[in-house]
Amino acid sequence: MNVFQLSYKNLFRRKVRTLFTIIGITLSTWVLVTLLGFNKGYENSLNDNIEGMGFQIVLTAKGCPYEAATLMLKGGTGLRYMPEEMVADVASRKEVAQATAQLMHVEFDPNKGENGGSVVYLGIDPTTFAEMKPYLEFTQGKWFEQQTGNVVVLGYEAAELEQREVGDLMLLSGSEAEYEVVGVLKRTGTQDDGMIFLPLQTAQKAFNKQNELTMLGIRLNKDVNQTAFEEELYKLPDVQVVSMAQVKNTIMGLVSSAKVIVLSIAFIAFIIAMFGVLNTVLMSVFERYQEIGILKSMGAMPKDIFKMILIETTILCSAGGLLGIGFSYLFSGISEVAIRYFLPFAPNGKLILIDSQIALFAFVSITLIGIVGGMYPAWRASKVRPLDSIRSE
Amino acid sequence: MKSIISVKNLTKIYERGSEKIHAVDGVNLEINQGDIVSVIGESGSGKTTLVNLIGCLDNPTSGELYLDGQQIFAQGVELSESKLTRIRSEFFGYVFQKFFLIPTLTVKENILLPSIFQSKVKTSEKELDEIMTLLGILKRKNHLPSELSGGEMQRVAIARALVGKPKILIADEPTGNLDSKRSQEIKDLLIKLNKEFGITIIMVTHSPELAKIGNRMIEIKDGKIS
Ligand SMILES: Nc1ncnc2c1ncn2[C@@H]1O[C@H](COP(=O)(O)OP(=O)(O)OP(=O)(O)O)[C@@H](O)[C@H]1O
Ligand SMILES: [Mg+2]
């Protein structure tokens, strides 16, 4: 027998109360871990999405910057166009290591999904595009090599949706011609999964956008001053220069206010948990006044009693904490769906990233919170005198 | 016989509003090692207050207390809770009218409780069995208090008071909650403890039956020995 066993057994005296307290702590921890995981996951996914684009700077026709940002990440509507000659001029500048021109086209397909949906086509230059996105891999086939011709490469999800494999023929919505599928990409977790890629010139012809482009992705030479180069680009008429760092900051700015709310909720959940613990433990101390007095008559020092109560609290909190962390792992999928539903913009990839660091942080904080909540009851208990129990009959 | 407890002019005054209650009023008393002292008196006469003072469960208002020649309470000195705790575990075991067993612990665990807090108390399994045999609760070793009769519970409480090997057993109405048959058992047990271990017993009782076992009988009236 030791103090730990004594504390542990005390918790079984009021099983229901103990259970409810643990549930409270579990819920708080669950909220905290999920929200912290979201904070991390969101930023990571956004970074991955932006890095996955392969560009540092994107040139688009003038429009709203938020639109430009979402357009690049999600594929948007309201596309604007830039003349091909100007794009060629930028691409040939000495600061540019690599550039790839694209024509995006969005078509509403009434047969997609339940209520129809948009299909995003991307006309690309196969050589430069493939070089800037070397990480794109194929489940079947490979990139088309020609700059023209009725060939397409399907993103992973696009291929699933269209039910096409390499060698199959398919129609583009809004056009009569048939296109041959020459490649299907592996899943990347980015916007590329939903795209249908076709040669740039084919796209220009098919969508009737001769000599027009929606975007130029640029990667700069190693030691080029990016800001200075962007300044140069600003001089061009009717184009918008978007640096990826900027896009990221814009989006992070949009979500940062949401983050503050989210963390406040987590904080409040914790405070509630703390008072829950305080209340439970204080009640159990009051109920055991006599018993504690008797323990004191048997030689228990104030510090022994203090320790006993704090151990009870710690057991409650660590049990709840562990359960909460377990739940967050287990149900992160469901939480993710819920978060996506409420969020105006969510990048592809894992939105909730719970790693050992977050788990450890949550465990330590809930335990500390519990200990803080247990301090007062423990102090009260340590002050009980043997006489109090003998007299309180 | 060697004096183990020496009480000089011990006084405890409770203040209830403007009224002063002399619960214990200038008591002088010598108790020798191996004595069984029965404390009797009317309800409210101050018996519990007196034995609590002797048992260091409470600080007196004034007066002196010596245990084994060592001065515990002196004029105007109030002892800290932890100092009192140390003295209590050095000298005393307590038995009360209520048993105060911890319901979630087995008989054995309840008896071993003092060993959690007093490092000097190291009870071997054999010693524990001996105590339990002596008190007739060996078969109940792994039972919970709720499964015991009142008499058995009181015997567990006595066993718990004994594991610290106290020199003095303070028993405040130990049979107050028991019927006459169980009271008889406890009475026999107290006699046996006194004979076998030479343990000094101070007990408060309303039962003339039990009071008879004392080699000394003290009657308290209005806080004084009469
Ligand atoms: N904490 C207290 N505050 C005020 N008065 C008290 C307190 N404890 C005891 N008293 C009073 O002191 C007197 C002696 O009480 P005590 O409990 O010692 O009597 P007792 O002889 O043990 O009585 P009983 O036989 O009923 O147990 C009583 O008048 C009681 O009301
Ligand atoms: Mg009394």
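Between chain B and chain A, about 2600 Å² of area is buried, and carbon and sulfur atoms give 69% of it. Keep in mind that this is a predicted model. On the chain B side, the residues that lose the most area to chain A are Phe100(B), Ile116(B) and Phe117(B), together 26% of what that side buries.

If you count residues, 27 from chain B are in contact with 26 from chain A. Which charged partners meet here? Lys9(A) and Glu109(B) do: their side chains form a salt bridge, 2.4 Å from N to O. The most comes from α2(B), with six residues. That side of chain B splits into 12 nonpolar, eight polar and seven charged residues.

Now for ligand 1. Its surroundings include residues from chains A and B, so the site is shared between chains. In total 14 residues surround ligand 1, and Arg391(A), Ser43(B), Lys47(B), Thr48(B) and Thr49(B) are the closest. Here are some distances to oxygen atoms of ligand 1:

| Residue | Part of the residue | Distance |
|---|---|---|
| Ser43(B) | N or O atom in the side chain | 2.5 Å |
| Lys47(B) | polar side-chain atom | 2.7 Å |
| Gly44(B) | polar backbone atom | 2.8 Å |

Taken alone, ligand 1 exposes 630 Å², and the protein buries 70% of that. In the shell around ligand 1, α1(B) gives the most, with three residues. The shell's residues divide into two nonpolar, seven polar and five charged.

How values were computed. Residues are numbered from 1 along each chain as its sequence is written. Chains are lettered from A and ligands numbered from 1 in the order in which they are written. This is a predicted model: local features need pLDDT of at least 70, side-chain atom pairs count only at pLDDT 80 or more; totals for chains, interfaces and linings use all residues. Side-chain values use heavy atoms; hydrogens and water are left out. A residue is near a molecule or strand if one of its heavy atoms lies within 4 Å of it. A polar contact is a pair of N or O atoms within 3.5 Å; within protein, one must be able to donate a hydrogen and the other to accept it, and residues adjacent in sequence count only if both atoms are side-chain atoms. Accessible areas come from the Shrake-Rupley method with a 1.4 Å probe; for residues, only the protein chains shown count as cover. Helices (H or I, at least four residues) and strands (E, at least two) are DSSP runs, numbered from the N terminus. Ala, Val, Leu, Ile, Met, Phe, Trp, Tyr, Cys and Pro count as nonpolar, Asp, Glu, Lys and Arg as charged, and the others, Gly among them, as polar. Contact means heavy atoms within 4.5 Å. Buried area is the accessible area (1.4 Å probe) that two parts lose on being put together, summed over both. A salt bridge is a side-chain nitrogen of Lys or Arg within 4 Å of a carboxyl oxygen of Asp or Glu.
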